[in-house]
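Subject: Handover of a structure, with findings

Dear colleague,

Please find the structure below for your use. A summary of the findings follows it.

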Amino acid sequence: MTEYKSQVWHVNVREQTLKREPVPDSWKRLGGRGLSARILLDEVDAQCDPLGPGNKLIFAPGLLVGHMLSSTDRISVGGKSPLTGGIKEANAGGRTGLHMTHMGIHALILEDQPKEDGFWVLHLSLSDGAKWERADDLAGLGVYATAPKLLEKYGDKVAIAMIGPSGEMQMKAAGIQNIDKDRVPARIAARGGLGAVMGSKGLKAIVFDHAGGQKPPIVDPEAFKAAQKDYTKSVLEHPQSITYRDYSTAAIAAMCNSFAALTARNFSRGTFDQVDQVDGDALREFTLKRGKPSDPSHACMAGCTIRCSNIFGGEDGKIIVSPLEYETIGLMGVNLEIGSLDSIGRLNWQVNDLGLDSIEIGAALGYVLGNGAANVGKKYNIERVPVVKGQAMSGYEPRSIKGTGVTYATTPQGADHTAGLTIRVKINHLDPTIQKDPSLNAQLNMAGYDTLGACIFAGFGYAATPDGVIKRLLKARYGWEDIPDNALQALGKETIKMEREFNRRAGFTKEDDRLPKWMTEQAIPENGAVFDVGEEVLDHIFDGIE
Ligand code: SF4
């Protein structure tokens with residue numbers, strides 16, 4: 001077997017060339033979100049047009065990807081966002097991260113713009129490098145029709161990242177769909193319009209053919225195995241893992257309802273009288289009653305022991321959508337007062353097929369769409385739009401869960417619960433004076449997990465494993481001797497610092513770190529809460545890390 005080589009693959013879409021280069025020293029100890037922030041800072045003018053030739057689209061597996069550590073094989077996609085105008089990282093499960101690592105691709109950087117209109121399939125392999133095929137027969141097709149054609153042509157062992165028609169049309173709510181372990185193209189790097197960036201590069205799909213690839217080397221296999229064993233035990237036994245396995249992410253709907261933190265009726269109420277029709281219990285009951293292929297528990301990537309996903313099928317025994325996630329239920333269901341999982345699931349399939357972000361479209365549908373909620377608000381001169389930095393909030397009402405409101409306001413990523421959700425912290429979520437530290441802690445942790453390639457739910461397991469398991473894993477994998485004790489937060493700090501610097505160069509100021517004004521004035525009826533965390537908190541939350 002040939003020696004494993006970790007390289008940066010630079011693809012120029014104008015010249016249709018591939019250069020495989022050594023990883024620069026300053027990129028070696030970063031992966032995923034942190035690496036894509038480093039590359040964007042080093043190589044992209046923050047003032048560039050996100051859909052122009054100056055922007056780059058980056059695919060970067062996390063630092064711990066490649067070893068089937070439970071729920072830790074995610075792919076991060078990064079670029080300047082056409083939706084927010086700032087830095088963007090969106091990550092997804094599925095096969096892409098694992099296969100890229102086995103091919104030795106530390107990062108894939110797509111640059112420039114094609115000479116002519118039309119779309120291409122980029123096929124990457126170890127033996128042939130980059131091959132380009134016209135995608136005329138795929139242009140305009142949804143992802144559910146595109147994936148089988150690609151699998152037929154390139155074989156069913158490959159990983160694929162692709163866009164739907166929304167990405168081809170460069171819509172700002174377009175994401176990038178990745179196939180999962182069962183070859184379903186529903187693992188979307190959804191947020192921030194990165195599908196539009198891929199469309200602007202003329203790429204309908206990227207096929208990763210890992211034939212001849214191998215697992216990345218481990219410097220100390222025994223130590224890695226021991227740390228992996230401890231982590232796997234924690235993740236398997238953690239009560240949250242068990243809840244998500246049985247009830248999937250829909251489990252959180254009832255919890256949000258109890259805090260008046262649902263996003264009901266276009267963010268005007270915090271509870272929903274039909275919540276019991278769309279929560280985790282309902283989803284479990286439907287899937288069990290309907291039987292196969294419905295399944296309340298499904299893994300989006302090989303090796304995940306949490307299995308928070310599901311396969312949601314109809315009474316006719318046909319799959320409606322897989323998976324049906326809480327965020328979609330929150331924004332395309334509760335937000336629109338739709339109390340039927342069947343209807344939400346069907347809407348979800350359509351949005352997936354077009355390659356759109358269901359959070360953004362759910363919020364935009366709260367009015368009427370592909371370019372996201374902020375654009376709809378601007379067009380119709382509507383003030384009550386639930387966005388920060390131009391990106392729609394996800395399914396957690398920030399007036400009732402104020403720490404998450406702090407995250408929405410201050411994360412460089414635009415309103416996004418995956419940047420630092422605080423709903424599980426045991427505090428009074430309505431007290432504006434105590435939200436800074438929970439949000440900061442959650443933001444640093446999440447930026448760290450996104451840099452490692454770990455799923456948000458893997459965090460329960462990592463946090464519950466004693467003895468600095470992340471430090472042990474990194475040390476065993478790479479042989480680094482100088483890893484700080486809190487390796488997770490150290491990675492998170494470095495990542496957020498770079499992201500803030502990119503946004504500063506792009507022209508963002510502290511005035512962009514705010515929730516919409518109407519949320520500071522209009523109260524949630526159930527608890528009278530407005531968003532009243534002081535601006536001095538928002539302005540200084542990152543003081544300690546800069
Ligand atoms: S916990 Fe869920 S989202 Fe995370 S890796 Fe497992 S199935 Fe995928």
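In what follows, a residue is called buried when its relative accessible area is under 20%, exposed when that value is over 50%, and partly exposed in between. Please bear in mind that this is a predicted model.

**Salt bridges**

The structure contains 36 salt bridges. In one of them, the side chains of Lys 204 and Glu 168 meet at 2.6 Å, N to O. This pair connects distant parts of the chain, since Lys 204 belongs to strand β12 (residues 203-209) and Glu 168 to helix α5 (residues 165-168), 36 residues apart. Both Lys 204 and Glu 168 are buried.

Another salt bridge is formed by the side chains of Glu 111 and Lys 56, at 3.2 Å from N to O. Glu 111 lies in strand β6 and Lys 56 in strand β3 (residues 56-61), so this pair ties together parts that are 55 residues apart in sequence. Lys 56 counts as buried, because its relative accessibility is 14%.

The side chains of Asp 295 and Lys 292 form a salt bridge as well, at 2.9 Å from N to O. Are its two partners buried or exposed? Asp 295 is buried, with a relative accessible area of 17%, whereas Lys 292 counts as exposed at 65%.

Strand β5 (residues 87-92) is largely enclosed by the rest of the structure, because 6 of its 6 residues are buried. Ile 87, Glu 89 and Asn 91 point one way from β5, while Lys 88, Ala 90 and Ala 92 point the other way. Strand β5 pairs with strand β4 (residues 75-80) in the antiparallel sense, over 6 bridges. Within this pairing, Ala 92 of β5 has Ile 75 opposite. The hairpin of β4 and β5 has 6 residues between the strands, and Gly 85 takes a positive phi near 80 degrees there.

The two strands also take part in the lining of the largest cavity, to which each supplies at least two residues. This cavity holds about 30 Å³ of space. Its lining consists of Gly 32, Ala 60, Gly 62, Arg 74, Ile 75, Ser 76, Glu 89, Asn 91, Asp 450, Gly 453 and Ala 454. By class, these residues divide into 3 nonpolar, 5 polar and 3 charged.

With a relative accessibility of 3%, Met 301 counts as buried. Met 301 and Ala 92 are 209 residues apart in sequence, yet their C-alpha atoms are 9.8 Å apart in space.

**Second largest pocket**

The second largest pocket has about 350 Å³ of space. It is lined by 16 residues, of which Ser 6, Lys 28, His 106, Arg 477 and Tyr 478 are the closest to its centre. The elements giving two or more residues to this lining are β6 (105-111) and α20 (469-478). The lining of the second largest pocket comprises 10 nonpolar, 4 polar and 2 charged residues.

**Backbone features**

Most residues other than glycine have a negative phi, and most peptide bonds are trans. The following cases depart from this pattern.

- Lys 292 and Pro 293 are joined by a cis peptide bond with omega of about 10 degrees, and Pro 293 is placed in the loop between α12 (280-290) and β13.
- Ser 322 and Pro 323 are joined by a cis peptide bond with omega of about 0 degrees. Pro 323 is in the loop between β15 (319-321) and α13 (326-333).
- Met 68, not a glycine, has a positive phi of about 55 degrees. Met 68 belongs to the loop between β3 and β4 and is partly exposed, with a relative accessible area of 36%.
- Ala 260, also not a glycine, has a positive phi of about 55 degrees. Ala 260 sits in the loop between α9 (252-258) and α10 (264-267) and counts as buried at 6% relative accessibility.

With kind regards

Note on methods:
Residues are numbered from 1 along each chain as its sequence is written. This is a predicted model: local features need pLDDT of at least 70, side-chain atom pairs count only at pLDDT 80 or more; totals for chains, interfaces and linings use all residues. Side-chain values use heavy atoms; hydrogens and water are left out. On a 1 Å grid over the protein atoms alone, a cavity is a set of points where a 1.4 Å probe fits but cannot get out, and a pocket is an open set with protein on both sides within 12 Å along at least five of seven lines; lining residues have an atom within 4 Å of a point. Grid points are joined across faces, edges and corners, and a volume is the space filled by probe spheres set on the points. Helices (H or I, at least four residues) and strands (E, at least two) are DSSP runs, numbered from the N terminus. Ala, Val, Leu, Ile, Met, Phe, Trp, Tyr, Cys and Pro count as nonpolar, Asp, Glu, Lys and Arg as charged, and the others, Gly among them, as polar. A salt bridge is a side-chain nitrogen of Lys or Arg within 4 Å of a carboxyl oxygen of Asp or Glu. Buried means under 20% relative accessible area, exposed over 50%, partly exposed in between (1.4 Å probe, protein chains only). Two strands pair if DSSP finds at least two bridges between them.
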